[in-house]
Amino acid sequence: MLHKNKSVSIRHIQLLMALLMLVISVLLLITTYRTKLGYSQMREFTGEYIQWERDAGKLQMGSDYLTEQVRCFVETGKRKYLDNYFEEAEVTRRRDRALDSIRNIVDDHTAYDALEAAMNESVALMDREYYAMRLAVAAHGYDVADFPETIQKVELSEKDALLPRAKQDIQARKMVFDDVYHQKKESISAHVNKCLETLANEVDANQSAATKALDDMLFKERTLILIAIIVTLLTMMLTTLLVVSPLLRAVVYIRADQPIPIKGSNEFQFLAKTYNLMYEANQEKTERLTYDATHDQLTGIHNRSGYVFFLKNTDWTTSALLLFDVDKFKQINDGNGHELGDKALIKVAATIRNSFRNQDHVCRIGGDEFAVIMVHTDPSHAELVMSKAACINEILGRGEDGLPPISLSCGVAFGDDSQDTEAIFKRADTALYAVKGAGGHGCRVG
């Protein structure tokens, strides 16, 4: 009996391909779902760290805001700054709320302890600030009964109580601008940074584990996609619709440096989303590079590019330009070495920056030349500006941190309705060189 040769049925081939594609599709769905879970977990880690960093920053901002208000009060004697201080300390309470927020979500006791230590130091520093404000109240001849109970309870030492008002004013300023105060502020910042460093290490470890899991899922996806491509090559339609066309479109967008449209199969959409996330991350890096382009690498303050930007975008009807020049810097630099010269410039920049408000723009515009654009000020604040310059020279003249005594010459020009920045600069520059010609170590308004 003859047996007919058996052949593979097309229907059977189609059924086999359908079953194979079904298995591949199920596996891809599972892998994609797991990848989505891993991605969500990574986003959760990142989101938690962003929240931690934001809360830690709020604590730092709250502390810095209190410092700014107490300094403004002791410098100007204006009641609004003292009211702002107590509004922050007793009502807004950014420090306390930030600490409570982190306490609710953080697992690492070391990180929380560091932030709690920063909070404790900030609270302890308030006693010094209360005393400085109490001195300022006495120096300006205010009735202490008109001030908050906290200020009323502060008792001045017998020595300070007997000081003339002018010396009480100097003592009040010294308490919030001297090295002791700066060291306490730096200690608070160090604790905040320690908290962030601990949290960053924890997040980095979690993200590393999540990244490894995502890499495994992506490897499985690539393997399944490769199998699917081999199978679908037998059918032109599937190849065109699910693989070739989406890839060709993606290449065009990649070459054009544009995000990939989220189209095609689920797997390709995932790849497109991953690429788009990388694309967005690269854009953020570009923005950070822009930041670097406007800041001085040595001192960390704005460079000349930043200065030019602020010069063009400042309302000069309510602003002032201060030009600083280090006296005899060449002698410091040549006589002690460029390394010490750089340290001197860093010290000068930090001292100038700490002597002005956050909204003022401090820039390094040359080798030993600095500029400050003070906003919301006018010629009635000339005495305040002069006192700031004197305070800066007093701090730099101590010759601390292994540096020789340093002095600055300063020229000041208040803006006007003309908005003529060249004229404003020329007045400040002329005043500066008048001080230099008189031997330096001073300030003059042009």
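pLDDT is the predictor's confidence in each residue, from 0 to 100. The protein averages 85, and 89% of the residues score at least 70.

This is a predicted model: local features need pLDDT of at least 70, side-chain atom pairs count only at pLDDT 80 or more, and totals for chains, interfaces and linings use all residues. Numbering runs from 1 along each chain as its sequence is written, and side-chain values use heavy atoms, with hydrogens and water left out.

**Aromatic pairs**

- The structure holds 6 aromatic pairs. Rings of Phe, Tyr and Trp (its six-membered ring) pair if their centres lie within 6.5 Å; planes under 30 degrees apart are stacked, over 60 edge-to-face, and the rest tilted.
- Phe86 and Tyr130 are stacked, at 5.9 Å centre to centre with 5 degrees between the planes.
- That pair links distant parts of the chain, 44 residues apart: Phe86 sits in helix α2 (residues 79–92) and Tyr130 in helix α4 (residues 109–139). Helices (H or I, at least four residues) are DSSP runs, numbered from the N terminus.
- Phe309 and Phe310 pair edge-to-face, at 5.7 Å centre to centre with 70 degrees between the planes. Phe310 has 14% relative accessibility, so it counts as buried.
- Phe73, Tyr142 and Phe147 are linked into a cluster by ring pairs.

**Charges over rings**

- A charge sits over a ring if NZ of Lys or CZ of Arg is within 6 Å of the ring centre and within 35 degrees of the ring normal.
- Arg79 lies over the face of Phe147, 4.4 Å from the ring centre.
- Lys388 places its charged end over the ring of Phe356, 5.1 Å from the centre.

**Largest pocket**

- The largest pocket has a volume of about 1,200 Å³. A pocket is an open set of points on a 1 Å grid over the protein atoms alone, where a 1.4 Å probe fits, with protein on both sides within 12 Å along at least five of seven lines. The volume is the space filled by probe spheres set on the points, which are joined across faces, edges and corners.
- Its lining (residues with an atom within 4 Å of a point) counts 44 residues. Arg71, Arg353, Asn354, Ser355 and Phe356 lie nearest the centre.
- Helix α1 gives the largest share of the lining, 8 residues.
- α1 (10–76), α2, α8 (179–232), α13 (338–354) and α14 (382–396) each supply at least two lining residues.

Definitions and conventions:
Buried < 20%, exposed > 50% of the residue type's maximum accessible area, 1.4 Å probe, protein only.
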